[in-house]
Amino acid sequence: MIAALAHLPRAARLRVVLDTLAIGAPAVLAGGVAAWRLAGPLGTLAVGAAGLAALTWTGWRRTQRFDRAWLTAALDAQAPGLEDSSDLLFAPPETLTGLAALQQARLRERLKEAAALDLRPAWSTRAIVASVGVSALVIAAAALWPAPGETGQGQGPAAPAPLAAPHLTGARLRITPPAYTGQRPFEQSSLDVRAPAGSQVAWSLGFLPQPDAASLTLPGETALPLRRDGGRWTGARTFERSALYRIEAPGLPRQRLHRLEMIPDTAPVVRVVTPTTALTLLEPGQTRWAPVFEARDDYGVAATATLKITVTKGEGENITTTERTQTLTGQGDARLKRFSVSLDLAREGLTRGGDLIVQLTVRDNRQPTAQTVEGPSVILRWPTAPPPVDGLEGMARKILPVYFRSQRQIIIDAEALLARKARISADKFMDSANGLGEDQAQLRLRYGQFMGEEAEGGGGGVGLALPTSDAPALDLPTNDGPAAPEPKAEAHDDHDHGPGDGHDHGAESDGSPLGDMDKLLAEFGHAHDSGDAATLFSPSTRATLAQALDAMWDSERALRQGQVQAALPHANRALVLLKTAQQATRIYLARTPPKLPPIDLSRRMSGKRDGIVSGRLAPLVRDPADSPAVEAWRALGQTGPAAAPQNLDALTRWVASNAGRLPDALSLSAAIDTVRNEPQCQDCRRKLRSLLWTALERPTPSVQRRAPVDPRGRLYLDALR
């Protein structure tokens, strides 16, 4: 565009912008004043922002028409000297030739006439006058209209009630957790709160227009009144358990319930680090014991803990105990601490056959009352020594350990025999392998007694007495671990068998009646212990033992044939199965005397039956505890009106009585309140119905009787036959 004419479009645009402001500014001012009287400062800001945005957009749209085409048309219309050729002024000279170039040169000499023109549009006088007049009327009406907040402030009689009901314009919550949790206070704008139990919740609420009063209503608890502080309403309370609340104010629409979910402080968890088992046997030469405990808590474990030390002495009913406590100091961070102690066994007074039992008691840092937890007990047992066997074979057989090789020792010896196979002769290798097969046979027969099997004759026969362990546990007779004691004592049956059973009966009877009776009882009247012993195990343990016996038999067969390498997989499989069966049946108990309640001697031999509970039990009748929930669930599923209020009241009572077992009682209570207040809300009804489905108690599975066969089904079954 030619520089001499550039000011003409700018002047036109400026005139249009000023004209737009002259028309719209009074209207925006009137709207802001009216909003101030009706809605306060926030309303004025909203109306003013919207009006200015509308004016800006309108002015921009009106200035878009002042372009090059408009300027050319305006010059042709108001400058006769340009001879309707104004468009030649804007054409590049190099593109024009002949008469067009000559005409452009003539027009450039007349630019002063064109630049002196006033091309600005005229003012919108009527629109401006109308806008100013209407705006003045609106402002006058707003000034005379009473404000909503002009009620009794000591300035005369109360003003009329406000036209608009108050509504919540903003909320700010400050949550301060208890000091012992170590968490910092935090703020949020959401009305739903999730914080540690014992936290203080402070509300700061804004209303527009300001109500006369405001409070927080908690169903089942005392309401929390809010006090006005300038333009905000504030209040605070400490909550120990979860609750629901609602904001209420005169004229405020009824709101839905909001959650105050308090996270409970869980009790500490104590774990035994060492030893790894509940029962530990004293090792030869051991003089000290160092158990280690670990305590974990969500907010912190106390720096000190109490270790309870119990020492038992004696056996059977003659067990005596001594107890003492010791304070330990933990190591580690606040939430995870380790407590260790080294106990002198001689100082503690542990003797053979006794137990040393330790148990750690820890506390957390909860205020004002700490939570105390007793950890698991750990037992150190000093096994009793076997008594001498001479002359006491029948008595000693019940407590002596098994004096033949263990399955682990058979595997070790077999691997050692393979390692030295190249250095010994074939005959010696065969004899050693056969000896290992004999040991495997003895071990197989010993375990076979627990499955109800008979002992075989010959040197492989073993006694039927159940071996006992030094630990009061249901254990299998094995010494898998270290090798069994070596002498290999020959085991014998505890009872006699008839002739031909492979047993060495010694001298024959002298023919006396007593001798005949002994023979008769020996042949027909004896009862094996294996059947009773077999009942000690569960079906799964018996199945595992049966597989172990099969693996032992395969190992024995290969060893007796000199195939040591082929016997090792079967021997290893037997060891794994034995360990599986052992750990499935092992239960350790601390040797402590029974603590029976004292006997009331005044009631003995009196013949009075007062206070005696009848031996006949009342018939068990199970009440339908979930009936209100089931009825409400069915009613909510119907496509009619909302559930009856009495159903919701009964459901509310059901939730209150079963809150302990429900997965989310707060959500369920809030959903019930929402359905009660908004009966036409279908989404609310569906949400309550889904929550009820998860809260209903599942029926106990039972066997259902099959329905009788109808005639058509009978024909089908007959056709199958």
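Modeller: In this predicted model, 67% of the contacts in the protein chain between residues at least 6 apart in sequence join residues at least 24 apart. The chain has 721 residues, of which 37% count as buried. The secondary structure comes to 19 helices and 21 strands.

Now the helix pair. Helix H15 covers residues 627-636 and helix H18 covers residues 682-695. Their axes lie 9 Å apart, and the two pack at an angle of about 145 degrees. The crossing of H15 and H18 is left-handed. On the H15 side the contact is made by Ala629, Ala632, Trp633, Ala635 and Leu636. H18 contributes Arg685, Leu688, Arg689, Leu692 and Trp693. Sorted by class, the contact of H15 with H18 has eight nonpolar residues, two charged ones and no polar ones. Arg685 and Arg689 of H18 are the charged pair, because Arg counts as charged.

For a part built from strands, take the open sheet of four strands, in the order S10-S13-S17-S16 with antiparallel pairing. Strand S10 (269-274) and strand S16 (331-332) are its edge strands, each pairing on one side only. Strand S13 (residues 292-296) and strand S17 (residues 336-340) run antiparallel and are joined by five bridges. Ala295 stands opposite Lys337 in S17. In general, strands of a sheet pair through backbone hydrogen bonds, either parallel or antiparallel.

Terms used. Residues numbered from 1 in each chain as written. Predicted model: local features only at pLDDT ≥ 70, side-chain atom pairs only at ≥ 80, totals over all residues. Heavy atoms only, no water. Buried < 20%, exposed > 50% of the residue type's maximum accessible area, 1.4 Å probe, protein only. Contact = heavy atoms within 4.5 Å. Pairing = 2+ DSSP bridges. Axes fitted to C-alpha atoms, helices over the stretch in contact; angles between N-to-C directions. Left-handed = near helix turned anticlockwise from the far one by under 90°.
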